[in-house]
Every structure is written in structure tokens, then in C-alpha cells.
Amino acid sequence: MSAWPEHALAAAGHPDPYPYYRTLAEDGWRRDEQLGLWLAASRRAVDAVLGSPVCRVRPVREPVPAGIAGSPLGEAFGRWLRMSEGDAHARLRTAVGEGLAALPCDEAELTARRLARAFLMTGAVDGRRLDALVDFLPVATLASLLGWPEAALAEAAEAIARVCRALAADADAAARERGAEACRTLLADLAVLSTDGWLRRWREAFSEWDGASLNANLLGILFQSRDAGAGLLSAGIAWCCQGEWDHADPAEWRARLRQDPVLHHTRRFVAANATLAGQTLRAGDQVLVLLAAAARDPAGPAETMDFGRGRHACPGEALALATARGALHALEQNRPDWRALGGGIRFSGPPNVRMRRFGAGERA
Ligand code: HEM
């Protein structure tokens, strides 16, 4: 592994990308011709992009990626809060926000704890099992809270993983087909969940939309929780491997996430010519928004950027942290050999997530 990441899209998987990010943050903006991207790296540049109405989450001419347009996955994607802008976004954000806020974090934490405990009871805790826990728990916790039957949680987590793979930049036709099939199954499962409990509150929050929008957005939050939630939990576990830390304290999470962020970047598509933080951008440009570089920018206010900023900032932060806390509590009760588990950590995951893998060196 070289001392410097090959490029910004490879930085989240580098053992120490922070000197590289620092030089980018000092420049503020940089153009990467090979990637065909603008890199926004200083806190000032990142804030300007995330705050600008001309910087959109999707290209104007391609609201749904061409590879999935017309499929059930494309239809759901087009209804997601995350992929919408303007008035539709503001109204969906209120509904999703109300849905998420209706859940007490204690309940999420206890659910994560219970599911992690049951998961860990089925075998010795080695690196590969930790990886499996990290892949399973964020989606399983959310699905369980929505009323998914316990016996079907592993299947739901795997189906969401297939949706994530279908939406990856390097997905091929087979991955997209598997994702579309998984989406069909998940939407059918969502349609028959009992309307008691937390799901009832979602239905109330979505009363001005049809059932398809509600179910698409429930699928959307399960999708959002998957990779970022796994990265967050893997970071929490890695920090346990380094020594005791107070994972019940949100301030401690924030401080650690600023030093070593999990969610390294997001993207924006420029809809009209604009000048932002001193940089001229043209309609059609793409910007890689380097949240991890901005969090460490010495000229910035020393805050974590892991959950984003501005109108698309993460509404799932409290829930994600409660889930990770519950899992770490259950793991600690298992008294694993932290030192051994921390010995073989590698970084491998989607380009925007700093995902720790604990079992990469273990034999199957
Ligand atoms: C229960 C787990 C989670 C849920 C339900 C969730 C949900 C969401 C949703 C719905 C959005 C879109 C908001 C909008 O467009 O208005 C979003 C954005 C975001 N989330 Fe989360 N999220 C979760 C976990 C996480 C975690 C663990 C991280 C970081 C480690 C994270 C980081 C972000 C970021 C950076 C954005 C903004 C992306 C952008 O501006 O392009 N999320 N999340």
C-alpha cells in the first residue's frame, strides 16, 4: 500500500488518508481530470456545495440511473427522499423525519443488543463472525423495529445488500437484475407487515402519499442504514480493539468520528453555472464532496462531518448510533479477545465508507 491514496475515491480504504486530505483541504478545490470530478475538500468549499441549490443529488437529465430505470428498483429509487430535491424533498423530509423521530432510541438500542446477543450465541467470535455481524445488524435492527418477523431478518439484510450492490457505480447487468429481484421481494414483504407499532407512525407521517411512496421510503431507509451503519459499527469495534472507550457517550463518538471519519464523501451534480467558495463550476459538472477532509480542515470548526450538513443531512444519526451502542454492549458481554480481533484489520468496502474487515486474513 503506497503512502498516499491513488485518488480521492480510494482514500476511504487507505490506512492513513489524512495527510492527503490535509493537502486537499489546504487547496480548498482541486480538479481531478482522470476521475472527471471536482474535489471539494476545505470546510468552506464543502459547506458552499452542500448549501447550494444548484448542487443536486442527481443529474438533472438522469433522476434515476439509466441501468435501473423502468425496473421496480428504479421506481423505488425515484421516490426516495435521498434522491429528491425542492418541494418534494422538503415534504418527504418532514415525513421521514417524523417517522424516525417517533422511535425512542432506547428501544432501538435494546433491539440491537438483543439481536446482537442472539447472533453471537451461535458460534465463537472470530473476525469473520464480526464481519457478518457488522453486515447483518444495522439493517436487521431497523427491519425488526418495523415489525419484520425475526426468522426473516437475515434474508432481509441480504436482500438490502443486493440492492446496495445493484446501485454501486461498478454494478453489472447481473448485479442490477439481482437488486431488482431483491427490491421486488422486499416491497412485497413490506406490504404485509403488521400495521401496529412503529410502522403505524410511519403510515401516519405518510398520510398525504400513497402506499408505494411509503414502502419505497421504508426501503430507502433500510438501504441508507446498510453500508454507513456497517462502517460505523466496524469503527466502534476497531476502537474497542485499541482499548476501552466510552461508547455510551455521543460526544465521544463525535470526537472519534472527526479524527477518523467513517463516511468519507458524497456527490453532487451541478445543475447551472455557479461560483462556489471561489470556484467556478459549469452545469453538468460533478463534485466529490470530501466530508472527511472538511472534518479535519485546520481552518474549519473542528466538528465531525460524518452525518453530512445542510438540507440532505442524515436524519438517521441518533438511530444509527443507538444501534452501534447496542451491538457494542452485547459484544463486550461476550468478552472477546479484542487484541486478537484487532490484529488483522483491513479496509474494504464501498468507496465512500471506511469499512473495517476483521476476518480478511482468516481461513474459511
Ligand atoms: C439507521 C441508520 C441510518 C438511516 C435510517 C439513515 C438515513 C438517511 C437518509 C434518509 C438520508 C437522506 C437525507 C436527505 O436526502 O434529506 C441520509 C443522508 C446521509 N446519511 Fe444517513 N442514515 C443512517 C445511517 C448513517 C450513518 C451511520 C452515517 C455515517 C456514518 C450516515 C451518513 C449520512 C450522510 C453523510 C448523509 C448525507 C448525504 C449527502 O448529503 O449526500 N447515515 N441518511
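Trainee: Quick one to start: what does A302 count as at its relative accessibility?

Mentor: Partly exposed, at 48% relative accessibility. On that scale, buried means under 20% relative accessible area, exposed means over 50%, and partly exposed is in between (1.4 Å probe, protein chains only). Keep in mind that this is a predicted model: local features need pLDDT of at least 70, side-chain atom pairs count only at pLDDT 80 or more, and totals for chains, interfaces and linings use all residues. Residues are numbered from 1 along each chain as its sequence is written, and side-chain values use heavy atoms, with hydrogens and water left out.

Trainee: Okay. And where is the place of A302?

Mentor: A302 sits in the loop between α12 (291–295) and α13 (317–333). Helices (H or I, at least four residues) and strands (E, at least two) are DSSP runs, numbered from the N terminus. A302 has a positive phi of about 60 degrees, although it is not a glycine.

Trainee: Which residue has a phi near 45 degrees, a positive value in a residue other than glycine?

Mentor: That's R335. You'll find R335 in the loop between α13 and α14 (338–341). At 74% relative accessibility, R335 counts as exposed.

Trainee: Switching to the sheet. In what order do the five strands come?

Mentor: The order is β1-β2-β7-β4-β3, in an open sheet with mixed pairing. Because β1 and β3 (55–56) stand at the edges, each with a single partner strand, one side of each is left without a neighbour in the sheet. Helix α2 (residues 43–51) packs on the sheet and touches β1, β2, β3, β4 (266–270) and β7. The direction of α2 makes about 125 degrees with that of β7. For the angle, axes are lines fitted to C-alpha atoms, for helices over the stretch in contact, and angles run from 0 to 180 degrees between N-to-C directions. Contact means heavy atoms within 4.5 Å.

Trainee: How many bridges join β1 to β2?

Mentor: Four, and β1 (residues 29–32) and β2 run antiparallel. Two strands pair if DSSP finds at least two bridges between them. β1 and β2 form a hairpin with four residues between them, and G36 in the turn has a positive phi of about 70 degrees. R31 stands opposite W38 in β2.

Trainee: And β2 with β7, parallel or antiparallel?

Mentor: β2 and β7 (residues 286–289) pair in the parallel sense, over three bridges. There, W38 has V287 as its bridge partner, and A40 stands opposite V289. β7 is also joined to β4 by four bridges, and those two run antiparallel.

Trainee: Which residues point one way from β2, and which the other way?

Mentor: L37 and L39 go one way, W38 and A40 the other, and all are buried. In a regular strand, side chains alternate between the two faces of the sheet.

Trainee: New topic. Which residues line the second largest pocket?

Mentor: P59, V60, R61, F269, V270, A271, A283, G284, D285 and Q286. Two of them also face each other in the strands, as F269 stands opposite Q286 in β7.

Trainee: Last one. Where does H264 lie?

Mentor: In the loop between α11 and β4. At 0% relative accessibility, H264 counts as buried. H264 and V289 are 25 residues apart in sequence and 8.5 Å apart in space, C-alpha to C-alpha. Leaving aside neighbours within four places in sequence, H264 has contacts that include Y18, Y21, V289, N352 and R354.

Trainee: And R254, which helix is that in?

Mentor: R254 is in α11 (residues 250–259), and at 44% relative accessibility R254 counts as partly exposed. R254 and M305 are 51 residues apart in sequence and 9.0 Å apart in space, C-alpha to C-alpha.

Note on methods: 1 Å grid on protein atoms, 1.4 Å probe; cavity = no way out; pocket = protein on both sides within 12 Å on 5 of 7 lines; lining within 4 Å.
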